[in-house]
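Q: I have a protein model open and would like to go through it bit by bit. Can we start with what the terms mean and then look at the details?

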Amino acid sequence: MAKVSVNGVGINYEQAGTGPHTVLCMPGALGSALTDFGPQLKSLAGAELTLVAWDPPGYGLSRPPDRSFGPLFFREDAEAAAGLMQALGYDKYSVMGWSDGGNSAVILAAMRPENVTKLVIWGANAYVTDKDSELYEAVRDIDKWSERMKAPMLELYGEGYFRSTWNAWVDGISALKNTENGICRREATQVRCPTLLVHGAKDAMVPAEHPEFFSKHIPDVRLHMFPEGKHNLHMRFADEFNTLVTDFLMGR
């Protein structure tokens with residue numbers, strides 16, 4: 001692990017692999033490089049791919065500052081990610097984004113077409129519906145989470161910060177419900193790089209309309225379904241996922 005200053009914030013990142021093709025990995029809500037991309041840092045990185053997985057500002061070890069969720073928090077993460085790659089000296093790179101990280105990855109690809117060569121997203125959504133808000137409310141109370149899901153977050157943040165920040169996330173993303181651009185409706189149409197859209201058919205957090213929206217509005221996109229995949233399909237089916245992503249990024 002290492003840190004670099006981006007706009008005055010110490011950004012924590014993990015780098016793995018020695019390949020000529022660099023890939024930025026963007027984690028989900030309250031996620032970090034190690035909690036969200038362990039199987040990729042271990043096995044996707046290698047002689048073909050160099051992975052840079054980061055902790056967004058206020059997440060993981062990129063603290064201080066404490067995290068906040070204003071109306072532009074997805075764009076702010078995209079801008080910080082671009083700043084990280086610039087600080088590390090990467091001019092051309094692909095981006096992989098999971099869940100919230102997928103949302104910001106779409107924005108980053110739209111913002112920086114001169115930098116982002118390929119895009120991989122899964123568990124993402126371009127807008128927030130009433131149904132989505134209900135799903136977020138259903139997981140607001142961390143006391144109802146399974147120990148398996150909760151333990152990594154408690155270890156990373158401690159109970160107080162995790163509880164308050166998770167509540168703030170639920171409020172922040174729900175505030176985007178039924179807004180004109182939602183999260184990245186407009187930016188999805190502006191993505192110019194080849195895009196791999198992955199979806200788990202059993203993803204309880206992301207209704208099927210969301211990958212359908214991306215598949216219709218991202219200009220150069222291919223959709224790959226995991227019939228048994230849930231929200232964390234890249235962990236549960238790591239070998240299959242890693243092979244799929246490697247073949248896509250390397251043009252095979």
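A: One term first: a residue counts as buried when its relative accessible area is under 20%, and as exposed when that area is over 50%. Also keep in mind that this is a predicted model.

Q: ok, so is C25 buried or exposed?

A: C25 is buried, because its relative accessibility is 0%.

Q: and C184, buried or exposed?

A: C184 is buried too, with a relative accessible area of 0%.

Q: how many disulfides are there?

A: The structure has 0 disulfides. For background, a disulfide is a covalent bond between the sulfur atoms of two cysteines.

Q: switching topic. how much of the protein is buried overall?

A: Buried residues account for 55% of the 252 residues.

Q: what is it built from, in helices and strands?

A: The protein has 10 helices and 8 strands. Its radius of gyration is 17 Å, close to the 18 Å that the globule rule gives for 252 residues, so the protein is as compact as a globular protein of that length.

Q: what are the dimensions along the principal axes?

A: The C-alpha trace spans about 45 × 40 × 30 Å along them.

Q: and the contacts, what share join residues at least 24 apart?

A: Counting contacts between residues at least 6 apart in sequence, 77% join residues at least 24 apart.

Q: now the empty space. how do you even find it?

A: Rolling a probe the size of a water molecule over the atoms shows where empty space is left.

Q: fine. how many cavities of 30 Å³ or more?

A: There is 1 cavity of 30 Å³ or more. The largest cavity holds about 70 Å³ of space.

Q: which residues line the largest cavity?

A: Its lining consists of M26, P27, G28, W54, P56, Y59, D77, D100, G101 and S104. Helix α3 (residues 100-111) gives the largest share of that lining, 3 residues. By class, the lining of the largest cavity has 5 nonpolar, 3 polar and 2 charged residues.

Q: and pockets? what's the volume of the largest pocket?

A: The largest pocket has about 980 Å³. It is lined by 34 residues, and W98, M149, M205, H231 and N232 lie nearest its centre. The elements giving two or more residues to that lining are α1 (33-44), α4 (130-138), α5 (147-157) and α6 (159-174).

Q: which of those gives the largest share?

A: α1 does, with 5 residues. The lining of the largest pocket divides into 17 nonpolar, 10 polar and 7 charged residues.

Q: last one, what about the second largest pocket?

A: The second largest pocket has a volume of about 230 Å³. Of the 14 residues that line it, P57, R67, E76, D77 and A80 lie nearest its centre. Helix α2 (residues 73-87) provides the largest share of this lining, 5 residues. By class, the lining of the second largest pocket has 6 nonpolar, 3 polar and 5 charged residues.

How values were computed: Residues are numbered from 1 along each chain as its sequence is written. This is a predicted model: local features need pLDDT of at least 70, side-chain atom pairs count only at pLDDT 80 or more; totals for chains, interfaces and linings use all residues. Side-chain values use heavy atoms; hydrogens and water are left out. On a 1 Å grid over the protein atoms alone, a cavity is a set of points where a 1.4 Å probe fits but cannot get out, and a pocket is an open set with protein on both sides within 12 Å along at least five of seven lines; lining residues have an atom within 4 Å of a point. Grid points are joined across faces, edges and corners, and a volume is the space filled by probe spheres set on the points. Helices (H or I, at least four residues) and strands (E, at least two) are DSSP runs, numbered from the N terminus. Ala, Val, Leu, Ile, Met, Phe, Trp, Tyr, Cys and Pro count as nonpolar, Asp, Glu, Lys and Arg as charged, and the others, Gly among them, as polar. A disulfide is a pair of cysteine sulfur atoms within 2.5 Å. Buried means under 20% relative accessible area, exposed over 50%, partly exposed in between (1.4 Å probe, protein chains only). The radius of gyration is taken over C-alpha atoms; the globule rule is 2.2 Å times the number of residues to the power 0.38. Contact means heavy atoms within 4.5 Å.
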